[in-house]
Amino acid sequence: MPTLAVALEARETDWVYAPGRRLTGMGFNGSIPGPLIEARVGDTIRARLTNSLSQPTTIHWHGLRVPAAMDGTASVQPSVEPGESFDYEFTVPDAGTFWYHSHVNETEQLERGLYGPLVVRGPDEPTLDADRVLMLDDLKLDADGRLAPFGDEHELHEGREGDVRLVNGRQEPELAIAGGQVERWRIVNAANTRFMRLSIGGRPFSIFGSDGGLIAAPVEATEVLVTPGERVELAVGPFAESEVLELEALPYDRGRGEPRRERLATIRVGPTKASSASLPDVLREIESLTDDGSETTRTVSMKALMHGGHGQRDEDVRVGELQVWNLVNETSQDHPFHLHGFFFQVLDDGVPAWKDTVNVPQKESVRIAWLPDNRPGEWMYHCHILEHHAMGMMAHFSVVA
Ligand SMILES: [Cu+2]
C-alpha cells in the first residue's frame, strides 16, 4: 500500500478572511484551513509536524483509528515545542471525512485556524458530480476587529461564539455550483462552540455520510444539525440555472445564547451541465453492535465531567469487550461528546452509522455502543465545545489488552 508523505508546518499566518479584512491567524503551511490530505483506505500517512509557532502544539487526527501513540494528546506525547518537529505515522483503515487539528491550547489555536481536512476514499464510493469539503467555523472579534481575548470564566462556561461566520476560512463566501448537478458536500464543524443546524435554501438534500463514512442508507432531509467536531456528507442539488440560495444555520437552542438564523454562504447556480450522479438506496452494511435492550456497562455524567477538572480518570476498557455507555446530561446546555480513536453506534432508531462525536442534548441522555479493537494505550473522551474541554470537561482511560 502506498505511503503518503505530508509536511505540515504550523506557523503564524496573515489571514485574509474577507476582502480587506485580516488578522494574525495560525495555519498549517500558511493556509487556513490547512491543506486537504487525500488518501485511500489502507494507505500509510507519514506526517511531519514542524512547529514554527511561538507556543507548543500537536496534531490530533480527529476520527482516524490511529495507534494510541499517534493520537496527539498530552497523555501520549510531549507537546512539540517551538522549533521542534514530530513524525506521525499510521495507516488509514476507514473511508470518510476526517480532520486534523491542534490538541494544545485548542481554544486559541483552533480559533486562529489551526485545523485542516482529511478525506479517505474507499473502493465503493457513490458517484456524485463533484466532491468538496466545507469546513464551518466562526470568529469572535472585538469592536476594533481584532480577535477577542480568550478564556475568561464566562467564555469558558458559555463557550466562544462570534459574529463572523466562515466557510473554508472565508467570511460568508459565494459558492458556485452548476445547474443540474448533484455534488458531494463533506461538511466539518470546526467551530469552538457554534452549533450549525444547516439549511440549503430550505431545499431537500440527502444525508449519506457521517463521522465514520457512509451511513447504511441515504436519508432525505431539509436540515441537519452538525455540532462541533461532527461531520456530515450531503448530496446537494440539482438546482436550476441562475438560482441563488443561502447556506444557513437555522436557530438552535443549545441552552445558551439567543438562537438566531444566520447565513454561512451564498450559493450561485451557473449554467446547466449533464449529471452522472447516482446515490444507491443501500450504501453500506453496518451490523449493529447490540440492540437497545442491552445493559449499560458504564454511565458517563456530563455534570460530573464538567466539574471534575483535568486529570479525571475513568476505568479501563478491555480489548474486545463490548461497551454500552449511557451519556447522561443533567446540565442545562448541550454537550457534543467526542470519543478519541474509536467509532461508536448511537442506540436509537436512526439509520445505522459510525460516529465519534454525538450531541447529548440538555436534560437528556444518549446511549452508545462501541467495541475496543486491538489498540491498547491511553485514550480520552471530552466535550468538543473547546472551552468546556479547556475547563477540564474530559476524562482519560486505558484500553488494556
Ligand atoms: Cu460541553
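A polar contact is a pair of N or O atoms within 3.5 Å; within protein, one atom must be able to donate a hydrogen and the other to accept it, and residues adjacent in sequence count only if both atoms are side-chain atoms. The model is predicted: local features need pLDDT of at least 70, side-chain atom pairs count only at pLDDT 80 or more, and totals for chains, interfaces and linings use all residues. Residues are numbered from 1 along each chain as its sequence is written, and side-chain values use heavy atoms, with hydrogens and water left out.

**Thr 58**

- Thr 58 sits in the loop between strand E4 (44–51) and strand E5 (60–62); strands (E, at least two residues) are DSSP runs numbered from the N terminus.
- Thr 58 is buried, at 1% relative accessible area, where buried means under 20%, exposed over 50% and partly exposed in between (1.4 Å probe, protein chains only).
- The Thr 58 side chain also reaches the backbone oxygen of Gly 72, at 2.8 Å.
- Leaving aside residues up to four places away in sequence, the contacts of Thr 58 include Leu 49, Gln 77, Tyr 88 and His 101; contact means heavy atoms within 4.5 Å.

**Copper site**

- His 335 (ND1), Cys 383 (SG) and His 388 (ND1) are the protein donors of the copper ion, at 2.0 to 2.1 Å from it.
- Donors are N, O and S atoms within 2.8 Å of the metal (3.2 Å for Na, K and Ca); water is not among the atoms, so sites may look incomplete.
- The sequence spacing of the donor residues is H-x47-C-x4-H.
- His 335 in strand E24 (residues 335–339) and Cys 383 in strand E28 (residues 377–383) link distant parts of the chain, being 48 residues apart.
- His 335 and Cys 383 are both buried.

**Sheets**

- E24 and E26 run antiparallel and are joined by four bridges, with Phe 337 opposite Val 358 in E26.
- Another open sheet, also of mixed pairing, has four strands in the order E21-E23-E27-E25.
- Strand E23 (residues 323–328) and strand E27 (residues 365–370) run antiparallel with six bridges between them, and Gln 323 has Trp 370 in E27 as its bridge partner.

Terms used: Two strands pair if DSSP finds at least two bridges between them.
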